[in-house]
Amino acid sequence: MAEDTRQDKRASFSAITEHSTNGMARTSTVASGKSGASKKLVIKNFKDRPKLAENYTEDTWLKLRDAVGAIQNSTSIKYNLEELYQAVENLCSYKVSPTLYKQLRQVCEDHVQAQIHQFREESLDNLSFLKRINRCWQDHCRQTIMIRSIFLFLDRTYVLQNSLLPSIWDTGLELFRTHIVSDSAVQKRTVEGILEQIELERNGETVDRSLLRSLLGMLSDLQVYKDSFEERFLTETNRLYAAEGQRLMQERDVPEYLHHVSRRLEEENDRIVSYLDQSTQKPLISCVEKQLLGEHMTAILQKGLSTLLDENRVTELSLLYQLFSKVKGGLSTLLQFWRDYIKSFGGEIVCTPEKDKDMVQELLDFKDKMDNVAQTCFARNESFINAMKEAFETFINKRPNKPAELIAKYVDSKLRAGNKEATEEELERILDKIMIIFRFIHGKDVFEAFYKKDLAKRLLVGKSASVDAEKSMLSKLKHECGAAFTSKLEGMFKDMELSKDIMIQFKQYMQNQSEPSNIELTVNILTMGYWPSYTPMEVHLPPEMVKLQEVFKLFYLGKHSGRKLQWQPTLGHAVLKAEFKEGKKELQVSLFQTLVLLMFNEGEEFSMEEIRTATGIEEGELRRTLQSLACGKARVLNKNPRGKDVEDGDRFNFNNDFKHKLFRIKINQIQMKETVEEQVSTTERVFQDRQYQIDAAVVRIMKMRKTLSHNLLVSELYNQLKFPVKPGDLKKRIESLIDRDYMERDKETPNQYHYVA
């Protein structure tokens, strides 16, 4: 320090030397001066460095060695710990650190080497051996910490400055590893003992987890965990679960097996948390998943997926998805089996003619069930939802046309009046579900044909449950298939609304007639192109009806000149007033039923032949009509002889004793029930329309391209046509157009076509 030379402010110092017990001198400085005057403190360095007392190093080391020995033998230390710490600090200050470090290491090494003998005993069982080595390790750690606290100054100065030297703690670990754990016999018994305890726990027995945690922590701290324990442990785990997987797949059913796998995975995860090293988690869990799941994926799905889906086992299906999502290739395998199950189950519904009656309802229920599984169990996985759609589309088109026809009939049953089972909201929900199934169908024109026919009946016989529901269905079809698909259906509704307006005008017209009729006539004017084509049938109407028809014809053609009216008796219906012994009743009947019943105003009894001659009704239609009047629930005619079917020689008379609790009785109108002939003719009409569409498409393509090869033409047709078609059918249509000179084959290349202008 610089010395202050100003005389008046010079301070005087006296050095007082105190001797401490360890032989070092501690110097304290006292300042004195005139009271009240501020003085400057000046500290000067020693001119000579204080010297250590003779034998100080040896004496101090003996004290330190005694202290270390006391710690190692768990006896009391004679000296104050602070005093020992100070002694180490003093030795380090006087460059004795290298010697001190070597001496300390040697003492520790001698002690650790002496410990190995206690592990040579053969009589110890595995658990006792583990407890002994754990106790030895715990003591060693505690002793090392205590020794380090005394030699802390050495650890933080000399050892820290020498990067090649291990710290006191690391030295302790190294000595324990070298002399105890690296001993082949000790290591073998330790690892085998730990594996034995883990196996006991896996078999359901209780083990000392804290002991295992401590021992595995020891191996980890000594950096031998991976080589000495983990490899053996994973090999044993692999062997155990490989055998367990094989055995349980034979013994247990799939739900039970899945719960077992889930429980095993939880147990192993718990082991990692409780005592295994974190680095073991990934290989251990992979091993369990591979042996219990990966090796048996196909077997699990073959054995149990169908049962789980059939029984709608949502919990197990969720578990199956969770487990398979952990295994490589698990979800793709599950996806394939799921797709195959839907195709198989759905194909059975669609391709079994005996199930036709309930096909659509079963399809809707099946779709709901699969939707629920995809949403709830398969975590709304996009791949599974797409696979389900693809599978539905595949199986629903396995049987051409029939599903489309049955869906149309199902919609009819829901939209027809008398369907009391659904509120408007429920009906809307049902229609939405039907549209989902409808989307999968390729031959939508078949649906359109049957839907149009059924809609016509609902509108004409006044059997539609709700105009709102009808229009809602129409808008759904329009949204799905475009305006062209629904234009004719919309035209039918327009016709019905126009007919109402015409009838209001007709009633006013009738009131102005000089001879009012006692029959009230309602007519629906149908545009030929919009409605299904009906076979015209000539029947013999009573003169009153014929006269009224002529009046209406005159009225209508007077307003709309140039139009042609064609009457359709098959669609007509009437309300008849009848008198029985019980009293007056009103009968709601079809036009054919009306013609038959009106005959009994003229006579008591008629044969079937007489009725046919008088009414002009076609024989099959007449049989159905007579059956509804004489063999149904409301028997207004008696048939002789009695029986369910109408035969040629049967005779009929009016049933005067007819009784019914209602005043107005509806006798089942036979035309509401579709005949087999109607069904066949509708299907044939669809095929005929398809042929026209194919012809038009071929001509359109050839007109634009002029020349085209057969393959390109077929490919273009597949793109344009909206219904399924076989290559053979296309070939026939092309041949037909060549015959009719719309196109011709190339003379040199028969596979090439030219458009003929």
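Start by selecting helices α10 (residues 254-274) and α12 (residues 297-310): they pack at an angle of about 110°, with their axes 9 Å apart. Helices here are DSSP runs of H or I with at least four residues, strands are E runs of at least two, and both are numbered from the N terminus. Axes are lines fitted to C-alpha atoms, for helices over the stretch in contact, and angles run from 0 to 180 degrees between N-to-C directions. The pair α10 and α12 is therefore roughly perpendicular, a label for angles of 65 to 115 degrees.

A word on the model before you go on. This is a predicted model, in which local features need pLDDT of at least 70 and side-chain atom pairs count only at pLDDT 80 or more, while totals for chains, interfaces and linings use all residues. Residues are numbered from 1 along each chain as its sequence is written, and side-chain values use heavy atoms, leaving out hydrogens and water.

Now show the side chains where the two helices touch. Val 254, Pro 255, Tyr 257 and Leu 258 of α10 meet Ile 300, Lys 303, Gly 304 and Leu 308 of α12, contact being heavy atoms within 4.5 Å.

Stay on α10 and pick Glu 268 and Arg 271, which lie 3 residues apart, about one turn of the helix. They form a salt bridge, with the closest N and O atoms 2.7 Å apart; the term means a side-chain nitrogen of Lys or Arg within 4 Å of a carboxyl oxygen of Asp or Glu. Both Glu 268 and Arg 271 are buried (under 20% relative accessible area; exposed is over 50%, partly exposed in between, with a 1.4 Å probe and protein chains only).

Next, select Arg 339 and Glu 390, whose side chains meet in a salt bridge (3.4 Å, N to O). This pair links distant parts of the chain, 51 residues apart: Arg 339 is in α14 (residues 330-351) and Glu 390 in α16 (residues 382-396). Arg 339 is buried at 13% relative accessibility, whereas Glu 390 is partly exposed at 39%.

Finally, color by pLDDT, the predictor's confidence in each residue from 0 to 100. The chain's mean is 85, and 91% of its residues reach 70 or more. Over residues 1-35, pLDDT stays under 50. Where pLDDT is low, the predicted coordinates should not be read in detail.

Conventions
Parallel < 35°, antiparallel > 145°, perpendicular 65-115°, else oblique.
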